[in-house]
Structure formats: structure tokens, C-alpha cells
Number of protein chains: 2
Amino acid sequence: MAINDDYVVGVDMGGTKILAAVINAKGEIVQQAKTATKPKKGADEVIKRITRCIVEAIGGAELKPSQIRAIGIGSPGPLDPETGVIIFAPNLGWSNVPLKAELEANLSIPTFVDNDVNVGTLGESAFGAGQGVKNLVGIFVGTGIGGGIILDGKLYHGVNKTAGEVGHMIVKANGPRCGCGNFGCLEAVASRTAITRELQKAILKKGKKSILTKLNGGKLDQIRSQAIAKAVKRGDKPTIKVMQRAGKYLGISVASIVHFLNPEMVVLGGGVIEAMGDSLLEPIRQAAAKYALPTTMDGVHIVEATLGDNAGVIGASVLARQRLP
Amino acid sequence: MAINDDYVVGVDMGGTKILAAVINAKGEIVQQAKTATKPKKGADEVIKRITRCIVEAIGGAELKPSQIRAIGIGSPGPLDPETGVIIFAPNLGWSNVPLKAELEANLSIPTFVDNDVNVGTLGESAFGAGQGVKNLVGIFVGTGIGGGIILDGKLYHGVNKTAGEVGHMIVKANGPRCGCGNFGCLEAVASRTAITRELQKAILKKGKKSILTKLNGGKLDQIRSQAIAKAVKRGDKPTIKVMQRAGKYLGISVASIVHFLNPEMVVLGGGVIEAMGDSLLEPIRQAAAKYALPTTMDGVHIVEATLGDNAGVIGASVLARQRLP
């Protein structure tokens, strides 16, 4: 097959929007389409919207569906990557939705489904920060914290297909309560949710002087990563302190992961990392180096993800290619 | 080759004693020999003692060295499992000792070296608690805490060959100081060293009434696992409290490992676990279940190691067989 004929479609399905992209064997986006998810209309309607979005991307690339070798989808989960059934997706209101089977019925193209964070990690591994690296761990910091494990270039799933849940590794036993109900998970001390809680505590409860409220549109009920990044750049002390704390916990968790799995690389991505860049990467690297045993961290790269919003569709395209028989 | 001709030698090298065993393909010990390590006499003398111990085991089995297909050795480390060089072994006083090369020169039998805890995990995986399980994590609780990772039936080493360092995963950031210099490592809250510290604090400093001092020979400077186990069995409250705390931290770490790697099984062994049995396994299982996200722990077995002191030589025999070209 000539490279010009070698196309797959990668789909990034979120609670708000659906992205579909026709992607070639070099991981390049040839054409993409985007639509709103509208999860409240129900699973049937969302699957129709995914189908239309895929068809639109294929048409936009002036291709026929028969020219698409496979479709890969990154979806919220938990899900079964073998059957392609979404077991439970709270932000979609889904339980036991046979996404793979429905799309294959609609489009007659082999379809493969995996967890969105796994797929993002796979994208970074194949065409992003991790090119050429066989074993890596991805950590994505946003409202929550998710992760994925790549071993020998492929996703590692574990016995219950839940591997890579770095957000719920316990970094501070008896620490702050997590959304999952436990105490001291990484997500409970370093996600945007945790960062927001600490910033509200410092600024609203303790009355620390800060420019963050102004940067965030006058309120602190939800704090945007960009506002945090700006406040840090302008030297805002309470924000810097809270972000150094988050960076420390992320770095400690990176050290734990390096002690345990000793991957070649840890890739950090997600909204918080993208907005903050090196101002968060540096405290993470410092804490990781401080907490790592001698030799364990030698040559282990702690790097920022490079694909940004495209990690989902590109990773989904890699998934599709790897899973094709 | 008939099974009666299929022998390897497994060696368990510790700071105090050397065990060598001739082992058949079923993992059965045919003959074994034992000698003191005497590390103070230097690496050359220790290697002579290992060589003699191996020769003695082979002779005792009425075999010739030429009938031994390979030798496997579990050694303290860090070490390089490929070159068989012991990089650093503080309790032997070794640095950069080419153990594999020296033994191959002495005995002309292919020799393979790996970390003692890795080798113990491999033994449990092949012929102990983990028979039939492809992916498992071993955690060995003694003076320190070590671990090993088996993926697809084989040892997983990681980029710096240091994978499986569960003892230095951080479970309680800013917690008690660890021997490694950091704070809040699992080893700092759940090893016999940490347990001893907590028991001394409760009994000697806080003056809690306890039968442990008597059970431990009148002193608490070093506390034996057997004395702890007896005190728990007799309902000694301070000891029970300290051991429940250790069990909780071990269970939290098991949950973190299950979240991250999602193995089929976690095997717990080492002196503390062997002495305590279910009285420690149960708090570990309870904490792990409490801290695990739904579905992550489904069907994951948390079990006690079954090979005891033989895990080393049996694991070393498995290593030898797996690494033979």
C-alpha cells in the first residue's frame, strides 16, 4: 500500500466535544472535523454525532469510507478495550454502551476503543514527546489526574484494564480527601481541583493578597489554568506557593513511579501542565530528583507533552493501527 | 533431554550465608549446600566460598559440573543483570565485582545474576504462590522492604534495572524519615526497622504496658519478627496497634500498585510477613480494599509467599533456565 493510501481515523470523544481526524501513517492530520457531544440527548444520538463527525472528516479528505483502514477512539471510561463497551462514563451519562459494535454497524470499518488518557499517552509515545522511547508513563493533570503506561511501545492495561490510574496512587496517607472518597491520592493534592481548593483557602479564607482573583474574572469558584499561569508569571506569592506544593507532590509521585516501574520517560500533559510549562515542570523535576534513590533516575526523562489537543486523535490513530490484525 | 538430566543450580547469596541448590525442571530441590559468607574476608574469598558451595551441592547430588546446564544467583544489589556485575552491595562491602565472569571462569557453567528480591519474586511466580499467574508484584518485608515485578512470566527490570523498588515509593509525604534520607517511604512506615521504632516509642517512651519486651528477651533494641507475632497472638495492645498501622500502610501501597500496574496478584513475603501470617495479611487486604477504586481490585489476589527460605534458590534456578539462550 502506498503511504498516500494508508489512512485511519482517530476520534477524541469528550463530554463537551467530539473530534475526528483522518490521519496518515506518519501521524499527520490530513483532515479533521469537530462537533458538540450533547450527551444529554442520550447515547444513540451521541453515537450518531460521532458517526457524522467521522464521515465529515473522511469526506473532507476527499476519501471514501472504504479507503479508511480502521477507526480508533479515545473515550472516557472505565471501558473494555477488547469488546469496545463503555462500562461507565459519568460525564456522558453512559453505562454499558457498545460503542465499537455500534460504529462498526454504522460504518463497516474496524473500530477500536480505549481510555482517553491511555490514548493520549499512546499518541505522545508514537508521535509526541516520547518518539523513539519504548517504555514510558503519561501523567495528565487537569480537573482530575489520569495516566497511561506504555511498555515496549504498546499500551499496558493490567488485569482489570485499569492500569495507569496514577491519580489515585496515595502520596500522602491521611491527607486531603479525594473525589474518590479516599484520602491523600495524588489527585487530591495536585489536580486543578486540589489547586483550586488550596488557592481558595489561601486567598478567601486566610485573606492573602493575590492578583489571581482579578486574573480569573473576579471570582475564584472555578479557577482556569491560564489564570494560574499568569499569576505565577507575575510573581503572585500565594499562587506560587500553592503551585510549588502541587509540583512537589507531582514530583514525589514521579519518583515513586520511577522507583517502581523505572520507565525511560515520564510525559506530563493536560491543561494545568500546558498552561504552566516549565514553571511547573521544574518543581516536579526537582522533587523527583530529591526523592529518587541514586541511579534510579539516571537518564530518565521528565518531559512535557507536545501534542496538546491533538494527542487524542493522533493517539487514537496509533491505537487503530496497532490493533488492526 | 530427559527430565532426570535437566538440572540447574540456584544460589541465594546473603550477607551472612550462601545457599546453593541443585534444582530440577519442576523446581524441586534435589540437593543443597550451605556455607557462611564471611564478607570481611573480601570478594575473592566470598567468590571461592560460593564456588565451593556450588561444587558441594553438585557433588552431593552425585552429578558432574558438566551435567549442570546453568547457574542462577540472587545477590544483593544494585547490580547489572546483563553483565552480572555487582555494582554496589553495602552488606558485602562490594563495589563493581564481576560475579558472573568470576564464577564462569571457575566452573565453566553459564551463570546469570539478578537482584535477590527479584529472584525471590521470580521463584514465587514460577513455583510458589504465583503459579499460573503471568503478571504479579512481590513485596518482601524485613529490615527493609524490597519488591519485584513479573510481567508475562518474566522479571521486568526497567531502564536502570532498578524496577520494583516498592520500599521507596512514597506513601506518606512528609512522614517519618527513611534510611534512604527521604521522608514517608513505605520502608519508613512498615519495615521491621519502622515497626521497631514505633514499638520502642510506644513501650519505652510512652510507657505502654506490653509483654513484648519479655518475649523479645528483655530488650527492645532489636525486635525479632517472631516476638512481634507472639505478642500479637497474645493480644498485646501496643504491638497490635503498631502492626495494624504497618498493615494499613502496606495495604495502601498495595492499592497504589494495583491502581498503577493492575497486576493479577500481589505476593507478600519476607521475615515479618512469614512470622505474622494472616494477622498482618488481613489488615493489608482490608486497607487495600478500602483504598482501591471500584473494579481495580476485582479478582486481584493478595497472598502470602509460600516458598519461605527456599524462594531464593528456587527463583535463582528459574532465572538460570529463563536466561539460558
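N96(A) is exposed, with a relative accessible area of 54%, which puts this residue over the 50% cut-off for that class. Please keep in mind that the model is predicted.

**Around N96(A)**
- N96(A) sits in strand β7 of chain A, a strand that covers residues 94-97.
- Leaving aside residues up to four places away in sequence, N96(A) touches V85(A), I86(A) and I87(A).
- I86(A) lies 10 residues from N96(A) along the chain, and the C-alpha atoms of the two are separated by 5.3 Å.

**Helices α3 and α11 in chain A**
- Helix α3 (residues 116-127) and helix α11 (residues 311-323), both of chain A, pack with their axes 7 Å apart and at an angle of about 80°.
- That angle makes α3(A) roughly perpendicular to α11(A), because angles of 65 to 115 degrees are put in this class.
- On the α3(A) side, the contact is made by V119(A), G120(A), L122(A), G123(A), E124(A), A126(A) and F127(A).
- On the α11(A) side, the partners are A311(A), G312(A), I314(A), G315(A), A316(A), V318(A), L319(A) and Q322(A).
- Sorted by class, the contact of α3(A) with α11(A) has nine nonpolar, five polar and one charged residues.

**Helix α5 in chain B**
- Helix α5 of chain B (residues 192-205) has 14 residues.
- From its first C-alpha to its last, α5(B) reaches 18 Å, close to the 20 Å expected at 1.5 Å a residue.
- The buried residues in α5(B) are A194(B), I195(B), T196(B), E198(B), L199(B), A202(B) and I203(B).
- These buried residues of α5(B) pack against several helices of chain B: α4 (186-190), α6 (212-215), α7 (225-233), α8 (237-260) and α9 (271-276).
- After α5(B) comes G207(B), whose phi is positive, near 70°.

**How chains A and B are related**

Methods. Residues are numbered from 1 along each chain as its sequence is written. Chains are lettered from A and ligands numbered from 1 in the order in which they are written. This is a predicted model: local features need pLDDT of at least 70, side-chain atom pairs count only at pLDDT 80 or more; totals for chains, interfaces and linings use all residues. Side-chain values use heavy atoms; hydrogens and water are left out. Axes are lines fitted to C-alpha atoms, for helices over the stretch in contact, and angles run from 0 to 180 degrees between N-to-C directions. Helices (H or I, at least four residues) and strands (E, at least two) are DSSP runs, numbered from the N terminus. Angles under 35 degrees count as roughly parallel, over 145 as roughly antiparallel, 65 to 115 as roughly perpendicular and the rest as oblique. Contact means heavy atoms within 4.5 Å. Ala, Val, Leu, Ile, Met, Phe, Trp, Tyr, Cys and Pro count as nonpolar, Asp, Glu, Lys and Arg as charged, and the others, Gly among them, as polar. The expected span of a helix is 1.5 Å times one less than its number of residues. Buried means under 20% relative accessible area, exposed over 50%, partly exposed in between (1.4 Å probe, protein chains only).
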